[in-house]
Amino acid sequence: MKKSQRGTEESRVMKWALIVCALAFCFIFLLLPLVNVFVQALAKGWSFYLQSLLHPDSWAAIRLTLLVAGISVPLNVLFGLAAAWAIAKFEFRGKSVLITLIDLPFSVSPVVAGLMFVVLFGLQGFFGKWLDAHEVKIIFAVPGIVLATVFITFPFVARELIPVMQATGTEQEQAALSLGANGWQTFWHVTLPSVKWGLIYGIILCNARAMGEFGAVSVVSGHITGQTDTMPLRVEKLYNEYNAPAAFAMASLLAFLALLTLGIKTLLEWKQARAEKLIVTSQKVDGHAG
């Protein structure tokens, strides 16, 4: 038995070689570029850094990014909850088709996704003439950016909730219904508390992708300075205008938001692991007491 166990374990040299390679890769390709972003952003001092972020066009890009995230994330939360509840709690025809459609944005290039909306809602698109006749502008305007962002980000909440809801099963909901609770009461007091960590995790990932999306938004935005430029588009425009310090200043804000998101995600995972550990400990104590 001991020989078999030793045979499945790597040597200490191999373990440390793998660890060093992983750390070196993370340092060279992740940490160094991230540190360089902040160094370049502050190269001309705090005064220039703040002026770059408070520039009217940059400030407009920040506001638009927050607006788009503020619209797309709640919409994806509603869709994700509904889709996950339907897939995990019910059996129906077309279930596999629905799961495939949820995964569609993962397999479609963001640029192609943006082009699809141009073909549908652009001036020469399928609905273009009708929209133009009614003075409704979607492409090269905020609605198009919101639509593209919703499409790109809508799998995140659903994909986090589906396995969680499947793991919890339907016993608790059935018990609540048998005790006289209606559907809304069952969802609010039974289903939602049992999936709260997965929901929060999905919201964090969805929000991070919404704020950082470039490809699809680039196609539908029109790159109108001060109107349809989001933060990633503003970074590209500043860099192409040879204003690298201002571009790095905006990029550093995006990087800071990404690090903040990562920190919140890590904190939630720690709290979830701690809660699960406490539950297991209490179960063991109750078992010994019994």
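Predicted model: local features only at pLDDT ≥ 70, side-chain atom pairs only at ≥ 80, totals over all residues.

How do the residues of the lining of the largest cavity divide into nonpolar, polar and charged? I got five nonpolar, three polar and one charged.

**Cavity.** I looked for cavities of 30 Å³ or more and the count came to one. I noted about 40 Å³ of space in the largest cavity. Its lining is made up of Thr 65, Val 68, Ile 145, Thr 149, Ala 210, Met 211, Glu 213, Val 217 and Thr 230. I checked where they come from: helices H4 (56-89), H9 (142-153) and H13 (196-212) each give at least two.

**Largest pocket.** I found about 270 Å³ of space here. Of its 15 lining residues, Ser 194, Trp 197, Gly 198, Gln 272 and Glu 276 are the closest to the centre. H16 gives the most to this lining, seven residues. I sorted the lining into eight nonpolar, three polar and four charged residues.

**Second largest pocket.** I wrote down a volume of about 210 Å³. There are 13 lining residues, and Phe 121, Leu 123, Val 136, Lys 137 and Ile 139 lie nearest the centre. Helix H7 (110-121) and helix H8 (128-133) each give two or more residues to the lining, with the largest share, three, coming from H8.

**Surface patch.** I also spotted a nonpolar patch, with Phe 25, Phe 27 and Val 39 among its residues, and about 870 Å² of accessible area together. Phe 25 sits in helix H2 (residues 12-41). I put Phe 25 down as partly exposed, because its relative accessible area is 49%.

Definitions and conventions:
Residues numbered from 1 in each chain as written. Heavy atoms only, no water. 1 Å grid on protein atoms, 1.4 Å probe; cavity = no way out; pocket = protein on both sides within 12 Å on 5 of 7 lines; lining within 4 Å. Points joined across faces, edges and corners; volume = space filled by probe spheres on them. Helix = DSSP H or I, 4+ residues; strand = E, 2+ residues; numbered from the N terminus. Nonpolar A, V, L, I, M, F, W, Y, C, P; charged D, E, K, R; others polar. Patch = residues over 30% accessible without salt bridge, like charges linked within 9 Å, V, L, I, M, F, W, Y side chains within 5 Å. Areas by Shrake-Rupley, 256 points an atom, 1.4 Å probe, with all protein chains shown as cover. Salt bridge = Lys/Arg side-chain N within 4 Å of Asp/Glu carboxyl O. Buried < 20%, exposed > 50% of the residue type's maximum accessible area, 1.4 Å probe, protein only.
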